[in-house]
Amino acid sequence: MERGNEVGNYHQLKVEEDEEDGLSTVPSAPDGSPLFPLMETRLYKRRWLMLFVFGTFSMSNAFMWLQYSIISNIFVRFYGVNAICVDWLSMIYFLTYIPLILPVTWFLDNRGLRDVVVAGSAFNCIGAWIKTSTARPDMFAVTFLGQFVCSVGTVFLLGIPSRLASLWFGQQEVSTACSIGVLGNQVGIAIGFLLPPILVPNVDDVEELAYHIGVMFYITAGVATLIFVLVVIVFQEKPELPPSQAQAQARSLSPDQYSYKASIGRLLCNKSFMLLVLTYGLNVGCFYAVSTLLNRMITEQYPGEEVNAGRIGLTIVIAGMVGSLICGIWMDKTKTYKQTTFAVYLLTFIGMLVYSFTLNLGQMWVVFLTSAILGFFMTGYLPLGFEFAVELTYPESEGTSSGLLNCSAQLFGIIFTISQGKIMDKWGTLAGNIFLCVFLLIGTILTGFIKSDLRRQNANASCDPQRGSKKSSLDDGVDHPTTPKEARL
């Protein structure tokens with residue numbers, strides 16, 4: 001296997017390509033001659049197929065994360081365990097991620113994108129089949145094992161969107177592609193909010209309840225199997241020709257020029273990035289806590305409304321999908337990474353405040369409305385963090401920077417879910433939500449201190465192209481780069 005992809009964007013500092021305007025730029029030597037020859041680039045239609053296949057895998061895994069917690073009261077009664085045990089069926093996803101993220105990012109750098117996605121979808125499929133045998137009250141330990149195996153699959157997917165976007169998509173669509181990659185996960189969360197309350201009604205008869213739980217598990221396993229087969233057959237490592245000059249240069253470099261250990265060290269010493277790691281963790285950790293405890297929040301204020309709790313969760317995620325897509329397109333057009341990130345973070349804090357103080361008004365339509373506002377900004381923030389991290393850490397590997405962001409999110413997800421659950425038990429839902437608001441406010445303030453060191457954009461701006469040949473606008477057509485004479489550098 002070629003290992004050009006293994007260095008990811010490590011040496012993208014050498015060159016950037018403007019896909020939208022059809023201009024290719026290349027750094028020049030002091031005498032004006034190009035440091036690197038411009039290479040042939042090409043955008044393939046199947047890049048969208050790769051994005052779709054990855055999105056279905058991410059969707060399946062995200063669904064299984066929430067299939068217990070959104071009907072937690074039903075599983076508490078069915079398995080005869082307390083609420084915190086059912087909450088751990090979701091939190092195990094967070095806990096598994098923390099010790100495994102560094103080995104998996106090393107695996108990504110050394111084996112490539114395809115092997116990581118295949119391995120992740122295999123864990124997802126195996127875990128789903130383990131759970132098919134657990135539709136009995138005495139099988140909680142086994143269902144926990146199945147959920148643990150699925151959680152290992154999560155480690156292989158959460159950091160992929162930015163890497164996939166860089167390997168397959170042009171410079172002026174990379175943020176949009178990353179947003180769409182994140183969208184797959186959000187679709188799975190949306191389905192996880194919607195379907196379990198429908199598939200598993202809150203009935204008293206244990207045998208009937210076991211039947212409905214078994215149906216849900218078998219449907220989940222069947223879908224996970226189809227997705228695994230699709231990944232194995234369809235998913236490719238990278239296109240034959242790179243989508244940009246940056247990726248072309250990355251392929252031409254020896255893997256000996258990249259050190260994974262050194263890359264981790266540089267990231268940990270990058271103050272702006274580490275501040276983003278902290279603020280990203282606070283924001284996404286709050287989202288994880290809200291998602292895990294949503295059933296308890298709603299049913300405590302509106303008893304018997306398990307189905308509406310799922311619909312509210314669906315509303316949060318659908319609004320967030322719209323927010324993610326809009327933010328991705330906006331970032332591609334404006335490149336205002338810090339300003340957009342700060343604005344979305346601030347509006348997330350405001351949305352959480354409004355949601356918290358209107359939840360107990362007794363009006364379900366108000367809950368739906370405030371949930372939509374909260375979701376638009378809170379989950380719309382996810383791709384912003386990935387892309388801002390790429391800018392701050394350029395030219396390091398996207399998989400490594402995304403992995404550290406997600407590690408922070410999982411850690412805070414555990415802390416916030418456990419803490420908010422205990423606060424809700426002792427002082428009620430409002431106190432638990434205020435607890436999250438405090439940390440969102442802290443995250444908003446800290447975001448303002450992140451230095452807007454846009455290394456990828458600065459590298460691109462260091463070249464001053466005057467003109468270039470327009471590349472073909474047709475997919476599957478070869479992009480003919482400009483010659484050195486066609487660009488003023």
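## Briefing on the predicted model

Residues are numbered from 1 along each chain as its sequence is written, and side-chain values use heavy atoms, leaving out hydrogens and water.

**Whole chain**

- The protein chain has 18 helices and four strands, taken as DSSP runs numbered from the N terminus (helices H or I, at least four residues; strands E, at least two).
- Of its 489 residues, 61% are buried (under 20% relative accessible area, with exposed over 50% and partly exposed in between; 1.4 Å probe, protein chains only).
- The chain exposes about 18,100 Å², and carbon and sulfur atoms supply 67% of that area (Shrake-Rupley method, 1.4 Å probe; for residues, only the protein chains shown count as cover).

**Thr176**

- Thr176 is part of helix H7, residues 174-199.
- With a relative accessibility of 16%, Thr176 counts as buried.
- Beyond neighbours within four places in sequence, Thr176 is in contact with Leu325, Gly328, Ile329 and Asp332.

- Leu347 belongs to helix H13, residues 337-358.
- Its relative accessible area is 33%, so Leu347 is partly exposed.
- Phe342, Leu346, Leu347, Ile350 and Val354 make a nonpolar surface patch of about 350 Å².
- Patches are made of residues with over 30% relative accessible area and no salt bridge, joining like charges within 9 Å and nonpolar side chains (Val, Leu, Ile, Met, Phe, Trp, Tyr) within 5 Å.
- A salt bridge is a side-chain nitrogen of Lys or Arg within 4 Å of a carboxyl oxygen of Asp or Glu.

Technical notes:
This is a predicted model: local features need pLDDT of at least 70, side-chain atom pairs count only at pLDDT 80 or more; totals for chains, interfaces and linings use all residues. Contact means heavy atoms within 4.5 Å.
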